[in-house]
Amino acid sequence: MTDGGKRVVESLLMLVQELVLRQRAEILHALCSSGSAEHLEQVLDILLSRGELIIEDYQNIQVPGQRVGFSVPGRCSHVEEKEEEEEEHQRTSTQTLLAQRPSLVRELQGCIEDALRALVACGHFTSADCDDVRLPIHTPSQQARRLLDNVRSKGEPAAKVVLQYVQQKQESGSLLNQENWTPPKEVLKYQKKLSSSMSAQSCFLSSYGGTSHMSLDDIYTDGQLELAHNCKDVHGPLGLEDIVGTAGTVNAEADTVLVSGDAGGGKSTLLQRLHLLWARGTALQDFLLLFPFSCRRLNSERQELSVQELLFQHCCWPDREQEEIFQFILDHPHLILFTFDGLDELKQGFSDEHWLCCPTQRAPVHILLFSLIQGSLMKGVRKVVTSRPEAVGPALKKHLRKEVILQGFSPSGIDCFVHKHHRDPTVAAKVLESLQKNTALLGLCHSPVFCWIVSQCHKELLGCGEGGPQTITDVYLMILQHFFQHQSPLKSTTGSGWLQENLNTALHLGQLAFEGIGTSCYIFSGTDLEACGVTEKDICMGFLIQSKDMSSTHSKRFEFLHVITQCFFAALHIVLSNNTDRSTIPKLFEPPNRRATGLRSSTCFGACLPSTNQQEQAFKGEATSSETPNLQITATFVSGLLSQRHLSLWLHCCPSAVMEKRVRQVVRCLSKGMHKHFKSISPPVEGEKKSMHAMPGFVWLIKCIYEMQESTIAKDAMSKLEVDHLKLTYCNIGPVECTALAYVLQHLRNPIGLQLDNNSVGDVGVEQLLPCMHICNSLYLRNNNITDEGIRKLLAKVIQCDSFRKIALFNNKLTDACTQHFSHLLKTKQDFLALRLGNNNITEEGAKQLAEGLKHNHSLAYLGLWGNKIGDAGAVALASALESSTSLVWLSLVGNGVGSEGARALSNIIKNSTSLEELWLTKNCITRTGVECLIQALEHNTHVKSVWLINNDLSLEEVEELTQRESRLIF
Ligand code: ADP
């Protein structure tokens, strides 16, 4: 290196040191604030391996978050003596151990037990050494580090054994794939028993238990699975096995994968499918044992249990050698999978304040469960947990390996499900045809549970002619009628006769459901049924099914077909019962954080009541995690049942004066609830638009208003909303919510910007939004799983909407197939302002199509195509369309594979434009030639403020020189 070069490196190093010093606080925060010591320990591994940190200093560092202080075992003096004798030879293996520490930690963490076994077999480790390494309070990577530190203290031969072991492991792949490795006989026997009982439990769809037996194989339809976090490396839809696979892992240290989705979205069915496929040996074969748990069932466990008891009593009892089997499970965590269905149905919301480490210690079931999820207990065992999103708080999120969102059926999924449900293709075609005519119902069918109801009630659906069910209450009333008439087909079919005849059943089930919702109870004993007057005849109607229980030690227990069915019956109780307390409706509509215990009835369900004091405390406090969404669904049904459209149904069941009063109560609650949200709108910052950032509770109120189907209520609510911008990001908005939003927002007085970024709108939701497009001047749908088909329908509508000026579709599933529609929009709407299509799949073909439209447009000011693939040819096409634009202010072609040819063409825009202010060309492959063209063009232009060129094909020297020549170029 020349002297000049050395000086550059030296000054760079000084700069780096200075930077580290200056950012000391931020670096410390990043290393220590995640709640885990892992980041810090990884940095220490790297420093040790590079010799930047000596082992003595390493021993003195106190790692934050360590549950016990860690220390490297001291070396015994005879080892040191030996080291001196064989210095040359010893250096090799022990140094390799140090130099490769980061990768060795990664390799060893999945197979600590096997590595220990190898060390014991060679006589280098005693059982005390093993115990020291495998302390369950350490994470697997901490165990791996402890093992390495211990090995180091034992000297060269032990180090050699570890290196050999890792090498062999790399060569032979995973344990289960090793030809010469078979699990112990008793474990294989247990596996057989577990899989055969799981196969029997999961081969039929559970919600058909009360009516007919439909095999899962015949009806299972793939739902849409999406990663909750953006992941560049994952392309295309996720499959079932990807749930436990590595795709999209955000925290490799954690073992728990969350599958989140709305009630009725198919979470339990998805787990059931995984169980069945595993039991048959066709999926998840990396796992030798799979233990399925239902949180709903765990609720009724009143005993304190150890993990061993939890596994064997709740899943499958080993006929013999329980201790050996459990030891095997402890020794091979990576071969074990647990699934926990419905975490949101557990009475206690997730908390990581109390945790357990010891697998033999007994504890209340929820503490066991939370310890398993956070990994303090049985670290390394993979867990899949399902939950509704409302019940997932930050405490749980920080222990997640990844989150997968189940988004219900795609349009083709609905089609496929209906065909599977109706083997007769003409019936299937008719059902689908009637769905196409009823877009609100089609939106609902995106959720599998509604798809099932609609298919189940196809006769009623096809018989209802024009109109048909619009709301979830309509759909549930349809199934109520269907089930009631199914049991007594000869009785009255017209008017509300069917309800009158079965009123007692509705009231009995209603009371049971209501009491259960108030106490987070979803499984009922015979005594509970008796307490609510539920008879054998009521059970036969099919809304209650016998609860499946793998342990089969309990007496008969029942649950509602689905939790939404329970909410529906609870709502029926509130609307129809003569005993409904006057305060019930107002309490039901109170925001969750203010809702007290008033909804709980005085009857206590023995089987559901928790036993410990701590649990009782939780009970007396605020609504639990499972209650809030269920109470909200119940309130939505109450609104629907009290809609004027259904009042005639209740004529003979309840005095109309009482009904009218209940209606008034609901309307008042909705209006008050909306008002509270409007009050929270802060005054606009000077120069900015008045904006409302809505909370999920706002969407729920909108859904209740929709359920009432009375435009006067919607109009009244919207007349008081005076904002320019409505932000509903991360509000879990899917097609059903879109239908309700459009129904209500269409009554807004003035156009708004509607921001729905980061939801699950999808193509079905886009279609539902169309009725309110005339009231939108801008629409933000970033990250919403929208495809070209959704865009086709959206643009056909917005082209007719006078106020519509801006659209943002960053990170969706758009390809060149949608650009012709944008081109048409640009040609037609001469007041259109902003088009943002970043991070989609648009290539040079799409860019050429867009250019066609841009040629004829005189209004567009912002064009964003960041993260597409338009290349040079696309840039040339756009440049030629835009070179005489007098409106374009901002253009981004960041990360598009644009080279110097593209830059040369784009410089023509700079040359001619009188409006352009910013050109973004960061992350492309522009060389000096391209930049020269841009510089020349800038000489003639004073409007352009900056041209961004960070990360292009330029050397440091070129950057330095070019910056000096043109300060508006930013490298
Ligand atoms: P969740 O657990 O999300 O509340 P479920 O899995 O219980 O939802 O689904 C409700 C109902 O919807 C099921 O009983 C079944 O009838 C139907 N369903 C759900 N997922 C599927 C699927 N993938 N294929 C076919 N039907 C499904």
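1. Ground rules: numbering runs from 1 along each chain as its sequence is written, and side-chain values use heavy atoms, with hydrogens and water left out. As the model is predicted, local features need pLDDT of at least 70 and side-chain atom pairs count only at pLDDT 80 or more, while totals for chains, interfaces and linings use all residues.

2. Overall, you're looking at 45 helices and 20 strands (DSSP runs numbered from the N terminus: H or I of at least four residues for helices, E of at least two for strands). Of the 971 residues, 55% count as buried (under 20% relative accessible area; exposed is over 50%, partly exposed in between, with a 1.4 Å probe and protein chains only).

3. The largest nonpolar core has 260 residues, and F291, W650, L728, M773 and F822 touch the most other members. Helix α30 (residues 563–576) gives the most to this core, with 11 residues. A second, separate core of 23 residues includes V133, L147, A158 and V161. A core here is a set of buried Ala, Val, Leu, Ile, Met, Phe, Trp, Tyr and Cys residues joined through side-chain atoms within 4.5 Å.

4. Leaving aside neighbours within four places in sequence, L728 is in contact (heavy atoms within 4.5 Å) with residues including F698, I733, L754 and N759.

5. K398 sits in the loop between α19 (394–397) and β6 (400–406), and is partly exposed, at 46% relative accessible area. Beyond neighbours within four places in sequence, K398 is in contact with N251 and D352. From K398 to A254 is 8.8 Å, C-alpha to C-alpha, with the two 144 residues apart in sequence.
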